Amino acid sequence: MQSDEQSELSIAIIDDDKMVLKSLQNTMTDDGFSVRAFSDPAKGLDHIEKEKTDVVISDICMPDHDGFAVLSRVKAVAPDCDVIFITAHGQMDIAIRALREGATDFLEKPITAAALRASVERTSKFRALSRTSKLLSDKVELLSQELHARNTDAVLIGKSDKMKTVAQQIMDLADSNATVLITGESGTGKELVARALHTQSSRKNGPYLTANCPSIPEDLFESEMFGHRKGAFTGAIETRSGYVEAAGGGTLFLDEIGDLPLKSQAKILRLLEQRTFMPVGEHKEKTADVRIVAATNQPLEQLVKEKHFREDLYYRLKVATIELPPLRERPSDIPIIALYYTLKLSAEMGRKAEGLADSAIAALQSYSFPGNVRELRNAIESAVIHFRKSGMIEAEDLPALSGSPVSDQEEPDWRSGSLKFTDVEKELYEEAMSRTNDNVSAAARMLGLSRGKLRRRLEALNMNQGLAE
């Protein structure tokens, strides 16, 4: 029976033998697929270039078109499209070459309906594995040593459309030197986005300082922000630089700027507009060589209406804005964030948690996480602290999640079942090795990896016995 995954496949069939073409088309159409058939390879390639196509079924030997030229063109215009080749009896060497050059499967003539269905099913399974692997493949090192070497955190991990937008905004704004306002609920990771803007900018070798606005007393704001001269006021026993000067050449992050008193807001507006500041007790302005990144969890527009936030400062800040989505609006990112924290914290605490069982994933994805990523991390930390056994964390190992359930979830791009990277990885590699007769080089090309990297992963997973190069 056709799965939901298969039913979504769009298929193009290319064969100059019109009887074979019609037979293949009828079989696939009867199974409910969206199918287009072409006896002219050029027209088929034109369709593939213009229309989304998931699978191409193509003859290899056609009088006016080489099947390998079809493969090359398909991979050029639709890299994610899978190609199943049709081969004549006795053309096994050609079929092996096709797999090595990027085909996903091959069928030997005469083709039965059962063989065609089986091939499409294998391809569908391989596509699902590949998609899951793409979410995780770049995370092999991330989930082991690489993330520990990088100064980042799980809040910026995610393949949801909302996080792709955030990632693109960071890339677009990092080197602009523009003032950036980051908005979002508490726990969404605003400080981490600010740090990412700094580390990806030309100022990355300069200082990065954080000023927590609510913690600065109003009467000391100018001194803390701009510094002071010795004797400028009672208690000023020495000349001292403020945040702006100390962050010179780098980035100053003003956290929770919505909590600043109006008087202090005026000082920040002057800094942003004139790029100068004057330490308390001084009579000469200094140039501010600092990038300002601000963040708030409050609706500044509403504060402006209530006269609690300066309108001119609001419009000055909102020129470049990054809005961080709450975790409940991107539930498909929850598994990888949770897996990251599971492995990271497990290693730090000397526990043996290897991943998350399907029950744990389901529990996490059905919870609204009012505290966002910070709350998710705390939940995983609690589970890891109390995890005395080895294996997968189950739902029962998680602390009580008492928030309201998530509504209107986006479609999670994950397989059902436990989330353990090595299981997904091994299944994908086994499928690739099977398709290429255990040829590492051919499997590596199929997976989009270097041969050396695939060989190292196979060795790490004890899958390197009896393999050919």
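Visitor: In β13, which residue is the bridge partner of T251?

Guide: R291 is the bridge partner of T251. This is a predicted model. The pair belongs to the parallel pairing of β10 (residues 251-255) with β13, which has four bridges.

Visitor: Which residue of β13 stands opposite V180?

Guide: V293 does. Strand β8 (residues 180-183) runs parallel to β13, and four bridges join them.

Visitor: How many of the six residues of β13 are buried, and what follows for the strand?

Guide: Side chains in a regular strand alternate between the two faces of the sheet. For β13, then, each face can be read in turn. R291, V293 and A295 are buried on one side, and I292, A294 and T296 are buried on the other. Six of the six residues in 291-296 are buried, so β13 is largely enclosed by the rest of the structure.

Visitor: What is the strand order in the open sheet of five strands?

Guide: The order is β2-β1-β3-β6-β7, with parallel pairing. At the edges stand β2 (34-38) and β7 (105-108); each has a single partner strand, so one side of each lacks a neighbour in the sheet. From one strand to the next, the twist averages 20°.

Visitor: Which strands does helix α3 lie across?

Guide: Helix α3 (residues 41-50) lies across β1 (10-14), β2 and β3 (55-59), and runs at about 160° to β1.

Terms used
Residues are numbered from 1 along each chain as its sequence is written. This is a predicted model: local features need pLDDT of at least 70, side-chain atom pairs count only at pLDDT 80 or more; totals for chains, interfaces and linings use all residues. Side-chain values use heavy atoms; hydrogens and water are left out. Buried means under 20% relative accessible area, exposed over 50%, partly exposed in between (1.4 Å probe, protein chains only). Helices (H or I, at least four residues) and strands (E, at least two) are DSSP runs, numbered from the N terminus. Two strands pair if DSSP finds at least two bridges between them. Axes are lines fitted to C-alpha atoms, for helices over the stretch in contact, and angles run from 0 to 180 degrees between N-to-C directions. Contact means heavy atoms within 4.5 Å.
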